[in-house]
Amino acid sequence: MKNFVWLLALCLSACQHPSLAYITNQGANTVSVIDTRQHKVTHTIAVGKAPLGVAVSKKLQRVYVSNVEDGTISVINSATQQIINTIQVKGSPVGIALAPDDQTLYVADWYSDRILAINTRDFSVQREVTVSKAPAGLVVSPDSQTLYVAARDSNQVVSINTQSLTIQRRINVGAHPFGIALSKNGRFLYSVNVYDDSLSLVDLHQPQASPAAIKVGAHPYCVVANANDSTLYVTNTQDDSVSVVDVKTRKVMNTIEVGMTPEGLSFNADNQQIMVANWGTNDVSVIDAHSQKVISTIKTGDKSRAFGQFIMQ
């Protein structure tokens, strides 16, 4: 009986605190908030002009959204789903990522070739470093000590020491890297390369080794790993599909049709689902990780992008 009561309480707690997905809608200047269990939009939040990137912090109860056309970052309180601050960055913010320790927000300024490091407790405290041309995707190591930047027009991923904000290493990948991700232990870096339709797998413990290259679909945009890093999912913007890659064999084992022009995607460990933002059909495709099939389509706003880690769980 005690076990039943405990399980019931656990279930009720989980139901009361569902994971939420925050989808940027670039054409509508809004963010759609999705209940990931019920697969429905619960809130629509007006943000800055042409929102693109998104980063979330469950601990801080904050969502950060990059608005590329007005040079701002919108800060959303995830408890109230309201804008509580706007950070001026005087640039064109695209990629955005939060350090695992929640102390620093990193922003890629697309046209100025720089990275901003913003203190999450005091937004006026900002540092910056110039990297290579057209910085896009960002990801931070599990220990918060290293930032990785996809430098699209340099065909490199740049490694930056977060304490000194200095460049440590330049990693050659495929042509025009955009979205990047890390394995949970921080050893493997994954980069999608738009111009050669490939996924690069970099073993960061072997700096002399060349990255493995895996062919995926046309014009890949983002990559995400499942909970145990055995499988990678890649959005292919010109194939309207998601490539499913087996990490061990380094081969594409499935291709899943989704909405038009899929861009951002995140893995939801709570329910073993992948959520994919479709720019061309203004919706989100929900893929079941076990069956590898689309089980739901959620209407969002105009030109959904959701570039970054957008599920708060």
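Visitor: Is Ser 78 buried or exposed?
Guide: Ser 78 is buried, with a relative accessible area of 10%. Buried here means under 20% relative accessible area, exposed over 50%, and partly exposed in between (1.4 Å probe, protein chains only). Bear in mind that this is a predicted model, where local features need pLDDT of at least 70, side-chain atom pairs count only at pLDDT 80 or more, and totals for chains, interfaces and linings use all residues. Residues are numbered from 1 along each chain as its sequence is written, and side-chain values use heavy atoms, with hydrogens and water left out.

Visitor: OK, where does Ser 78 sit, and what does Ser 78 touch?
Guide: Ser 78 is in the loop between strand S6 (72-77) and strand S7 (82-88). Strands are DSSP runs (E, at least two residues), numbered from the N terminus. Leaving out residues up to four places away in sequence, Ser 78 touches Tyr 22, Gln 61, Arg 62, Val 63 and Met 312; contact means heavy atoms within 4.5 Å.

Visitor: Switching to pockets: what volume does the largest pocket have?
Guide: About 1,100 Å³. A pocket is an open set of points on a 1 Å grid over the protein atoms alone, with protein on both sides within 12 Å along at least five of seven lines; lining residues have an atom within 4 Å of a point. The volume is the space filled by probe spheres set on the points, which are joined across faces, edges and corners.

Visitor: And how many residues line the largest pocket?
Guide: The lining has 43 residues, and Val 139, Leu 182, Val 224, Gly 308 and Gln 309 lie nearest the centre. By class, 28 are nonpolar, twelve polar and three charged. Nonpolar covers Ala, Val, Leu, Ile, Met, Phe, Trp, Tyr, Cys and Pro, charged covers Asp, Glu, Lys and Arg, and the others, Gly among them, are polar.

Visitor: Which strand gives the most to that lining?
Guide: S12 does, with five residues.

Visitor: So what does S12 pair with?
Guide: S12 and strand S13 (residues 146-151) pair in the antiparallel sense over four bridges, and Val 139 stands opposite Tyr 148 in S13. Two strands pair if DSSP finds at least two bridges between them.

Visitor: What order do the strands of that open sheet come in?
Guide: S12-S13-S14-S15, four strands with antiparallel pairing. S12 and strand S15 (166-172) are the edge strands, each pairing on one side only.

Visitor: Last one: how many residues are in the hairpin from S10 to S11?
Guide: Six residues join S10 to S11. Those two strands pair in the antiparallel sense over five bridges, with Leu 116 opposite Glu 128 in S11.

Note on methods:
1 Å grid on protein atoms, 1.4 Å probe; cavity = no way out; pocket = protein on both sides within 12 Å on 5 of 7 lines; lining within 4 Å.
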